[in-house]
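Subject: A structure for you to look at

Hi there,

Here is the structure I promised to pass on. Have a look at it first, and then read my notes below.

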Number of protein chains: 2
Amino acid sequence: MNEFIAPVELEKSYRLLNHGPTVLVSGSHGGVDNVMTAAWSCALDFTPSKVMVVLDKITKTRELIEKSGTFVLQVPTVAQLQLTYDLGRSSLFTEPEKLAKTGVQLFSIEGHDGPFVEGCSAWLSCRLINEPHNQQAHDMFIGEVIGAWADTRVFKNGHWAFESSDPDFRSLHYIAGGNFYAIGESLQVERE
Amino acid sequence: MNEFIAPVELEKSYRLLNHGPTVLVSGSHGGVDNVMTAAWSCALDFTPSKVMVVLDKITKTRELIEKSGTFVLQVPTVAQLQLTYDLGRSSLFTEPEKLAKTGVQLFSIEGHDGPFVEGCSAWLSCRLINEPHNQQAHDMFIGEVIGAWADTRVFKNGHWAFESSDPDFRSLHYIAGGNFYAIGESLQVERE
């Protein structure tokens with residue numbers, strides 16, 4: 001864990017996902033790590049902080065999470081554009097060297113299962129709330145956030161600072177066919 | 001419905017939400033219309049196309065949707081920044097003139113309950129899939145998309161064209177405290 005990674009209060013951790021970024025989902029079980037990309041994920045509650053993510057039945061990451069009962073959501077950056085695409089394109093089921101081939105670098109945080117992906121802007125360590133109906137019918141996995149961290153170069157005082165940070169830290173928002181958008185201009189409304 | 005609004009194939013309608021925009025949720029029952037803002041929403045399936053949105057128990061829109069069994073998700077634009085904030089700030093329960101005060105303009109589409117919000121970039125008409133556990137425990141409402149439309153000035157040939165359209169059409173991505181981001185730069189990965 002590098003010097004720029006700092007904890008985020010759990011009740012503010014929803015802000016890490018509130019703008020709808022594409023995320024990397026990681027899981028680990030029995031000595032096997034995996035990471036996949038997911039566009040269908042969002043916050044679900046403030047206190048306790050909860051999140052949801054859709055994980056297709058064909059993914060190895062889903063199997064690891066079902067077995068371990070924990071997962072990590074992390075917010076990849078523009079600097080990780082190709083990595084984010086590649087982690088969503090191949091499966092550990094059919095490509096045993098998936099992680100090595102994508103070049104993804106993992107790290108650990110004491111007290112949490114991980115694995116955590118290096119170079120992201122934010123990380124949410126989650127305990128799976130087991131809901132068989134949602135998992136089977138909707139491929140939906142719900143987790144309670146038990147730890148949250150962000151890179152202080154882009155998330156400051158409880159708020160994203162994309163507009164004043166290195167553009168490489170911008171979040172990614174996937175559409176389809178290899179087309180992403182980066183997050184853009186900051187806009188502030190008039191408040192009464 | 002103006003000349004720029006065109007249907008989107010249901011199996012591609014997930015693309016309207018895939019980049020994680022803040023949405024406007026509308027519902028109607030017994031002659032009462034309402035619209036609220038929601039940041040916690042995402043696609044859930046391709047075929048049939050499904051979506052989810054989190055609706056707090058304190059919202060009037062939730063009550064209308066529970067009674068009617070239908071709702072609309074729509075994607076507001078930068079031109080609707082203040083409107084999007086205002087629709088999320090006041091409740092029809094405590095402010096009977098909410099819609100008039102925000103200035104929101106509604107329209108209808110034949111064969112769908114609506115109401116639909118004028119000036120958005122995309123609309124998804126949804127039939128509620130009633131799931132009492134998700135609605136009670138997670139405030140989560142799941143819908144099957146039964147109609148989808150987009151403004152052809154910003155969604156063309158099944159893809160968003162934010163980069164080549166009027167910047168006022170960009171989607172909004174809410175964080176907290178009146179802070180939004182607009183969607184930004186288009187990025188394309190290398191595909192093998």
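By what turn and what shift along the axis can chain B be laid on chain A? In this predicted model, a turn of 180° and a shift of 0.0 Å along the axis do it, with an RMSD of 0.0 Å. The two copies are therefore related as by a two-fold rotation axis. They also meet through the same surface, because 100% of the interface residues of chain B are interface residues in chain A too.

Next, the cysteines. Searching the whole structure turns up zero disulfides over all chains. For A:Cys126, the nearest cysteine sulfur belongs to A:Cys42 and is 12 Å away. A:Cys126 is buried, at a relative accessible area of 0%. In the other chain, the sulfur of B:Cys120 has its closest cysteine sulfur in B:Cys126, and the 14 Å between them is too far for a bond. B:Cys120 is buried as well, with a relative accessible area of 1%.

Now for the rings. There are 20 aromatic pairs over all chains. One of them joins B:Phe107 and B:Phe116 in a tilted arrangement, 5.7 Å centre to centre with 40° between the planes. Both partners are buried: B:Phe107 has a relative accessible area of 10%, and B:Phe116 has 0%. Another tilted pair is B:Tyr174 with B:Phe180, at 4.5 Å and 50°. In chain A, ring pairs link A:Phe107, A:Phe116, A:Trp123 and A:Trp149 into a cluster.

Finally, look for A:Arg153 over the face of A:Phe4, 3.7 Å from the ring centre. B:Arg153 lies over the face of B:Phe4, also at 3.7 Å.

Enjoy exploring!

Definitions and conventions
Residues numbered from 1 in each chain as written. Chains lettered and ligands numbered in written order. Predicted model: local features only at pLDDT ≥ 70, side-chain atom pairs only at ≥ 80, totals over all residues. Heavy atoms only, no water. Least-squares fit on C-alpha atoms with pLDDT ≥ 70 in both. Contact = heavy atoms within 4.5 Å. Disulfide = S-S within 2.5 Å. Buried < 20%, exposed > 50% of the residue type's maximum accessible area, 1.4 Å probe, protein only. Phe/Tyr/Trp six-rings, centres within 6.5 Å; stacked < 30°, edge-to-face > 60°. Lys NZ or Arg CZ within 6 Å of the ring centre and 35° of its normal.
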